[in-house]
Amino acid sequence: MKKLTELPKKLPEIIKITLINLVFLAIFIELGAAALYWSKYKQLFYTRSDRSTNEAIAQLGLPLNQTATDETILERLHPFFGYVLKPNQPVNLEFSTRVFPANNWGFPSDYDYPFIRQNPNQVIIGVFGGSVASNFAMYESENQVLTKTLKEKIPELANKEIIILPFALGGYKQPQQLLILNYILSLGQEFDFVINIDGFNEVALSHLNYQENIALSMPSVQHLLPLRDVASNNLGVDELSAIAKIVENREELIQRQESLQESKLASTYLFRVVSTQAAARKYQENLMAFEKIRGQKQQNPEQDFILKIENPQEVVDVDTAFKKMAELWGNSSRLMKQSLENQNSLYFHFIQPNQYYPTGRSFSEDERKLAIIENHPYQGGVQKGYPALLQTIEQLKTENIPIFNATKIFDNVNEIVYIDSCCHYNQTGNQVFTTYIADSIVGVLTQNPELKNRWK
């Protein structure tokens, strides 16, 4: 009884000790979380910048852009281009603090198309290709690596206003770049020169077309088939239910990503990282469930789809298919150059580096976990297709086409350059790639002084 009567007297002291212990526990957890952040990103959590936060988020490997399935809602069928983004759709990049809006044509750009030259002092540069080209254009718009290099090393451009016009989107592959270029030229669009960045999609995604028995020259089946099914009302209840879950998961992931950026304490950041990774796993599981449903679905080959997608007239062996991929790619590049020459414009072509094409690059364990998945669906296409492209490059060079093999530009870079298991680069990778493109273009202009006369 005595102990019970003394308890109320000791209660304030018990509460005080408990609160002190909780405060020390909270401080310990916070310091531990801050130490973990430092060990992973080599910077103090409390002084991190918005860009470094985006870089850290990118290293989580969140799968928001790894498939076109969930982008069925975000993309729109286009009668000439295959598909474009929904106009005004915001485009977020892992390496950027900017949000780029999709313009009137559905491309992430600060300008509506066609862009009409407003004065003789403007130099207009078009960028064509897939997602790597699109990322290059947006990285350049924000950091102006190419712009500064041109102004510093080409006197004729020192006082010019350089305009970057992106005509690139994720999944685009030849002949989409060729078709888009000729369409926009027919509307009167002017270019001083065009940069075409491609190679990966032409082999990785065309290989998927081959496996689906869809013509190699058709747009990527990853992007087009979901859109076709929606347009043809060919989605079953199971598929619609799966898509609804994917969209819901995507919104949840976006919200969790935003909460990471808003974290003020390292401990809350660590907790949110764990919950975000759990949400990402759920998102991936639902994506895989959707693909499983699509794979099991028995489609009537005679079904009258509202969108016609050409199938090959004859099945060829895989080696012949890769040869045809390279021929299509080379022919498209030739025709792009010819179209631009008719407009007195210049053409520069770059084949992008990819982690699945072996070069002299050594991957750290952290980057390997982030960037390479054994037996990835893209791996076979890259390993078989890139050698065919590189052989075609040698032929294109003999035809005076300015084409550059950028596959080895990361070989001497020690830092992580990839942000996913597909093909995309982080801040460091984009800086190296953009610098290589800028220096290559300057090299051509410097060696051929007559090309610079147009800007006098």
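The crossing of α6 and α10 is right-handed. In this predicted model, the two helix axes come within 10 Å and cross at roughly 130 degrees. An angle over 145 degrees would count as roughly antiparallel and one from 65 to 115 degrees as roughly perpendicular; α6 and α10 are therefore oblique to each other. On the α6 side, the residues that meet α10 are Glu202, Val203, Ser206, His207 and Tyr210. Their counterparts in α10, a helix that covers residues 318–342, are Val318, Ala321, Phe322, Met325 and Trp329. By type, the residues of this contact divide into seven nonpolar, two polar and one charged.

Helix α6 itself covers residues 200–211, twelve residues in total. From its first C-alpha to its last it reaches 17 Å, which is close to the 16 Å expected at 1.5 Å a residue. Ten of the twelve residues are buried, so α6 is largely enclosed by the rest of the structure. The buried residues run through Phe200, Asn201, Glu202, Val203 and Ala204, and then Leu205, Ser206, His207, Leu208 and Asn209. Among them, Glu202, Val203, Ser206 and His207 also take part in the contact with α10.

What follows α6? The helix is followed by Asn213, whose phi is positive. The value is near 60 degrees, in a residue other than glycine. Asn213 belongs to the loop between α6 and α7. Buried residues have under 20% relative accessible area and exposed ones over 50%; at 36%, Asn213 therefore counts as partly exposed.

With a relative accessible area of 7%, Leu225 is buried.

Eleven of the 13 are buried, so α3 is largely enclosed by the rest of the structure. The buried residues include Ser131, Val132, Ala133, Ser134 and Asn135, and also Phe136, Ala137, Met138, Tyr139, Glu140 and Asn143. After α3 comes Gln144, whose phi is positive, near 55 degrees.

Which residues does Thr434 contact, leaving aside its neighbours within four places in sequence? They are Phe136, Tyr139, Glu140, Val145 and Leu146. Phe136, Tyr139 and Glu140 are among the buried residues of α3, while Thr434 has its place in helix α13, residues 427–447. Thr434 is itself buried, at 0% relative accessibility.

One runs from Tyr113 to Pro114, with omega near -10 degrees; Pro114 is in the loop between β4 (99–101) and β5 (122–129). The other runs from Gln174 to Pro175, with omega near 10 degrees. Pro175 is found in the loop between β6 (161–168) and α5 (176–186).

Asn400 is a further residue with a positive phi, about 65 degrees, although it is not a glycine. Its loop connects α12 (379–398) and β9 (403–405). Is Asn400 buried or exposed? The relative accessible area is 62%, and Asn400 is exposed.

For the chain as a whole, the secondary structure comes to 13 helices and nine strands. Buried residues make up 52% of the 456 residues. Of the contacts with a separation of 6 or more, 76% are between residues 24 or more positions apart.

How values were computed
Residues numbered from 1 in each chain as written. Predicted model: local features only at pLDDT ≥ 70, side-chain atom pairs only at ≥ 80, totals over all residues. Heavy atoms only, no water. Helix = DSSP H or I, 4+ residues; strand = E, 2+ residues; numbered from the N terminus. Expected span 1.5 Å × (residues − 1). Buried < 20%, exposed > 50% of the residue type's maximum accessible area, 1.4 Å probe, protein only. Axes fitted to C-alpha atoms, helices over the stretch in contact; angles between N-to-C directions. Parallel < 35°, antiparallel > 145°, perpendicular 65-115°, else oblique. Left-handed = near helix turned anticlockwise from the far one by under 90°. Contact = heavy atoms within 4.5 Å. Nonpolar A, V, L, I, M, F, W, Y, C, P; charged D, E, K, R; others polar.
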